[in-house]
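Student: Could you walk me through reading this model, starting with the whole chain and ending with single residues?

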Amino acid sequence: MKAVRMYAPGDLRVEEVDIPSYAADECLIKVMAVGVCGSDIPRVNQYGAHVSPIIVGHEFGGIVTEVGADITKFKPGDRVTCPPLIPCFQCKYCQMGQYSLCEDYDYYGSRRDGAFAQYIAVKEGNLLKVSDRVSYEDAATTDPCANALHGMARAEFKPGDSVCVYGAGPIGLFAVQYAKIQGASKIIAVDVWEEKLELAKKNGADVVINSKKQAPVQMVMDATDGNGADVVIDFSGAPVCQKASILSAAKLGRVVFLGISHQGLELSEKEVDQLMRRQISLNGSWNSFTSPFPGSDWTGAIDLYENHGMTAKDIISHRLSLDEAPEIFGNIAKGNFFFSKIMFYPNGQEKL
């Protein structure tokens with residue numbers, strides 16, 4: 001089969017490799033669509049993975065082609081998506097059902113071979129069925145959609161809330177779309193790319209703000225009659241946006257940091273004052289895996305695709321073959337390159 005393997009940071013190779021064997025508790029999946037996660041970019045271009053060489057990629061939708069001897073819940077022909085975390089189920093946090101916090105986990109695409117390939121072997125417990133009504137590319141974005149739902153849950157979002165997202169990448173766009181579906185009173189999206197703000201409009205944002213050209217906090221206040229937003233989530237990981245998120249929140253507002261920054265954060269006197277005097281809640285959000293594994297963020301995302309019109313159609317910016325993977329990651333590494341969700345089709349785009 002064809003696969004994209006990483007040998008070192010910046011060294012991606014499209015190769016012919018053996019179709020993986022599958023154990024008694026695994027299914028062989030034909031990968032129909034696989035997306036590039038935000039975490040794949042630094043993994044491929046800067047840091048590398050836990051093993052090398054490795055087939056990267058963990059956001060995918062596909063079809064079961066073979067099943068192991070112990071498989072009871074799946075059969076050939078089933079359409080599936082894959083929660084990529086393999087928890088230990090033994091540590092303190094797994095015992096609590098907080099699998100995202102597992103202390104001894106495995107992971108498709110970073111600790112074992114992933115889905116930038118025509119086939120992948122996956123444990124039965126890491127598969128979820130999706131309806132034939134759900135396209136393979138939508139199934140492949142269940143992971144970022146689940147992350148968005150987890151962030152919204154951490155913010156205790158409820159219908160009627162005003163919502164502001166800093167960072168209109170794929171997870172932020174899924175949050176915008178979810179807020180729209182669930183009846184947010186106003187949805188505001190902030191980014192530095194006009195192209196991403198256009199996508200935010202398509203996905204349901206009422207107000208878009210280019211923070212390179214406009215003062216975002218003041219614009220958020222103007223859009224909310226001076227109150228601030230009930231829910232503010234930073235998807236960017238940029239300290240300037242994390243700080244602006246606090247200043248954009250309403251009294252009793254809920255702020256969530258979801259974007260990965262790898263940077264420190266020093267709050268000003270005004271920002272600390274806002275947290276205290278407005279009684280703003282500040283929470284972190286990490287991944288999307290809860291009990292029963294993989295949890296309600298995953299099953300909720302699939303339900304949104306199947307029954308409520310959620311779709312990645314206006315989030316995907318590039319639809320490519322596996323052969324184009326090294327070039328697209330190279331373009332990203334050069335910088336100043338617009339993209340939203342990049343999707344590969346290892347077996348062609350037919351019957352999506």
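This is a predicted model: local features need pLDDT of at least 70, side-chain atom pairs count only at pLDDT 80 or more; totals for chains, interfaces and linings use all residues.

Student: What share of the residues in the protein chain is buried?

Tutor: Residues count as buried under 20% relative accessible area. By that cut-off, buried residues make up 55% of the 352 residues here. The accessible surface of the chain comes to about 15100 Å², and carbon and sulfur atoms supply 48% of that surface.

Student: And what do the contacts say about sequence separation in the protein chain?

Tutor: Take the contacts with a separation of 6 or more: residues 24 or more positions apart account for 70% of them.

Student: Where do the mean positions of the positive and negative charges lie relative to each other?

Tutor: The chain has 34 positive and 43 negative charges, and their mean positions are 4 Å apart.

Student: Let's turn to the backbone. Which peptide bond ending at Pro 53 is cis, and what is its omega?

Tutor: Omega is the angle to read for a peptide bond. The bond from Ser 52 to Pro 53 is cis, with omega near -5 degrees. Pro 53 sits in the loop between helix H1 (40-47) and strand S4 (54-55).

Student: What joins Phe 293 and Pro 294?

Tutor: A cis peptide bond joins that pair, with omega about 5 degrees. Look for Pro 294 in the loop that runs between strand S16 (281-284) and helix H10 (296-307).

Student: What is phi of Gln 279, and is this residue buried or exposed?

Tutor: Gln 279 has phi near 50 degrees, a positive value in a residue other than glycine. You will find Gln 279 in the loop between helix H9 (269-277) and S16. Its relative accessible area is 56%, so Gln 279 is exposed.

Student: And Asn 287: what is its phi, and is the residue buried or exposed?

Tutor: Asn 287 also has a positive phi, near 60 degrees, and is a residue other than glycine. Asn 287 belongs to the loop between S16 and H10. With a relative accessible area of 16%, Asn 287 is buried.

Student: Next, side chains. What does the side chain of Ser 135 lie 3.0 Å from?

Tutor: Here you look at distances between polar atoms. A polar atom of the Ser 135 side chain lies 3.0 Å from the backbone nitrogen of Asp 138. Ser 135 is in the loop between strand S10 (128-129) and helix H3 (136-139), and at 18% relative accessibility Ser 135 counts as buried.

Student: Last one: which residues is Ile 328 in contact with, leaving aside its neighbours within four places in sequence?

Tutor: Those partners are His 318, Leu 320, Phe 337, Ile 342 and Phe 344. Ile 328 lies in helix H11 (residues 325-334), and because its relative accessibility is 6%, Ile 328 counts as buried. For a distance in space, compare Ile 328 with Phe 339: the two are 11 residues apart in sequence and 9.7 Å apart, C-alpha to C-alpha.

Methods. Residues are numbered from 1 along each chain as its sequence is written. Side-chain values use heavy atoms; hydrogens and water are left out. Helices (H or I, at least four residues) and strands (E, at least two) are DSSP runs, numbered from the N terminus. Buried means under 20% relative accessible area, exposed over 50%, partly exposed in between (1.4 Å probe, protein chains only). A polar contact is a pair of N or O atoms within 3.5 Å; within protein, one must be able to donate a hydrogen and the other to accept it, and residues adjacent in sequence count only if both atoms are side-chain atoms. Contact means heavy atoms within 4.5 Å. Accessible areas come from the Shrake-Rupley method with a 1.4 Å probe; for residues, only the protein chains shown count as cover. Lys and Arg count as positive and Asp and Glu as negative; His and the chain ends are not counted. The place of a charge is taken as NZ of Lys, CZ of Arg, CG of Asp or CD of Glu.
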